[in-house]
Amino acid sequence: MKSSLSWVARSACLVLCCFGFARAQDAKPAAAAVPPPEQQARGGVFTLHWYDPLTRALCLRDGKAGQMIRDNRVGNRCSDLSLTTAGGGNLVTAIEANRVGVIIDLGTADELRERYGYEDAEAGGEGFASLRVHEGKLVILKEDGPPEKLQPLREASALFAPGRPSAPAPIKLGHIYLLRIEDAKDRGFQLLAKLIVIAYRPGESVSLRWELL
């Protein structure tokens, strides 16, 4: 009898241990269920919609809508660029409190090519792609090489002129823009970006390719 009870006890213990092990395998730590933080977006394509309360603004730090709905109210999340219908349509930057900025129109891809003398196809993208900060200076393509040669961007002085709140620039299809945003209360903050208008419906929407510099 004792032997029989001992066998039952050992069997019950084995079942409980196996069940406990299975439960422990299923119960993953809470941290493991949380996905890692997304990498900061450096560029992409975004459409600003005049009649949409959320996508009327763009956050250039993650490439998503600048507005959000919370508790049944529209509020700002992170708005670096917006649009207005005033004056036939404008892109507007430095729209958040304490932000000042500059936005300049560099013209079309063909105008950039003629101005700076590099080789590129008609309406090509070499000029836009080459715009960057190199060794602390804004530069653009000179020769694609190899090796690649760069030249200073002459419009840099205008971009680094004193900024203003809600700085505007007229929306023009196919035009390339540079913008700079600073914070009047945080001297360490600066955001530089390039944009190209790839589609435009006046009074309705504007689509942009953008990239941080």
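Biologist: Start with L58. Is L58 buried or exposed?

Modeller: L58 is buried, with a relative accessible area of 0%. Buried means under 20% relative accessible area, exposed over 50%, and partly exposed in between, with a 1.4 Å probe and protein chains only. Before we go on: this is a predicted model, where local features need pLDDT of at least 70, side-chain atom pairs count only at pLDDT 80 or more, and totals for chains, interfaces and linings use all residues. Residues are numbered from 1 along each chain as its sequence is written, and side-chain values use heavy atoms, with hydrogens and water left out.

Biologist: Fine. Where does L58 lie?

Modeller: In strand β2, residues 57–59. Helices (H or I, at least four residues) and strands (E, at least two) are DSSP runs, numbered from the N terminus.

Biologist: And what is L58 in contact with, leaving aside its neighbours in sequence?

Modeller: Setting aside residues within four places in sequence, the contacts of L58 are F46, L48, G63, K64, G66, C78, S79, D80, L81 and W210. Contact means heavy atoms within 4.5 Å.

Biologist: Zoom out. How many helices and strands are there in the protein?

Modeller: The protein has 5 helices and 15 strands. Of its 213 residues, 36% count as buried. Among contacts with a separation of 6 or more, 49% are between residues 24 or more positions apart.

Biologist: What is the strand order in the open sheet of 5 strands?

Modeller: The order is β1-β15-β14-β13-β8, and the pairing is antiparallel. The edge strands are β1 (43–49) and β8 (99–108), each of which pairs on one side only. Two strands pair if DSSP finds at least two bridges between them.

Biologist: How are neighbouring strands of this sheet turned against each other?

Modeller: By 25 degrees on average, direction ignored. Axes are lines fitted to C-alpha atoms, for helices over the stretch in contact, and angles run from 0 to 180 degrees between N-to-C directions.

Biologist: Back to β1. How many bridges join β1 to β15?

Modeller: 7 bridges, with β1 and β15 (residues 205–212) running antiparallel. In β15, E211 is the bridge partner of G43.

Biologist: At β8, what lies across the strand?

Modeller: Helix α3 (residues 109–116) lies across β8 and β13 (175–183), and runs at about 80 degrees to β8.

Biologist: Which residues line the largest pocket?

Modeller: T108, A109, D110, A123, G124, G125, F128, G174, I176, I196 and I198. The elements giving two or more residues to this lining are α3 and β14 (186–201). The lining residues divide into 6 nonpolar, 4 polar and 1 charged. Here Ala, Val, Leu, Ile, Met, Phe, Trp, Tyr, Cys and Pro count as nonpolar, Asp, Glu, Lys and Arg as charged, and the others, Gly among them, as polar.

Biologist: Now the other sheet. In what order do β9, β10 and β11 come?

Modeller: They form an open sheet of 3 strands in the order β9-β10-β11, with antiparallel pairing. Its edge strands are β9 and β11, each pairing on one side only. The twist averages 65 degrees from one strand to the next.

Biologist: What stands opposite V133 in β10?

Modeller: L138. In total, 3 bridges join β9 to β10.

Biologist: Next, the backbone. Is the peptide bond from G145 to P146 cis or trans?

Modeller: That bond is cis, with omega near 5 degrees. The bond from P146 to P147 is also cis, with omega near -5 degrees. P146 is in the loop between β10 (137–143) and β11 (149–152), and P147 is in the loop between β10 and β11.

Biologist: And E135, what is its phi?

Modeller: Positive, about 55 degrees, although E135 is not a glycine. E135 lies in the loop between β9 (132–134) and β10 and is exposed, with a relative accessible area of 72%.

Conventions
On a 1 Å grid over the protein atoms alone, a cavity is a set of points where a 1.4 Å probe fits but cannot get out, and a pocket is an open set with protein on both sides within 12 Å along at least five of seven lines; lining residues have an atom within 4 Å of a point.
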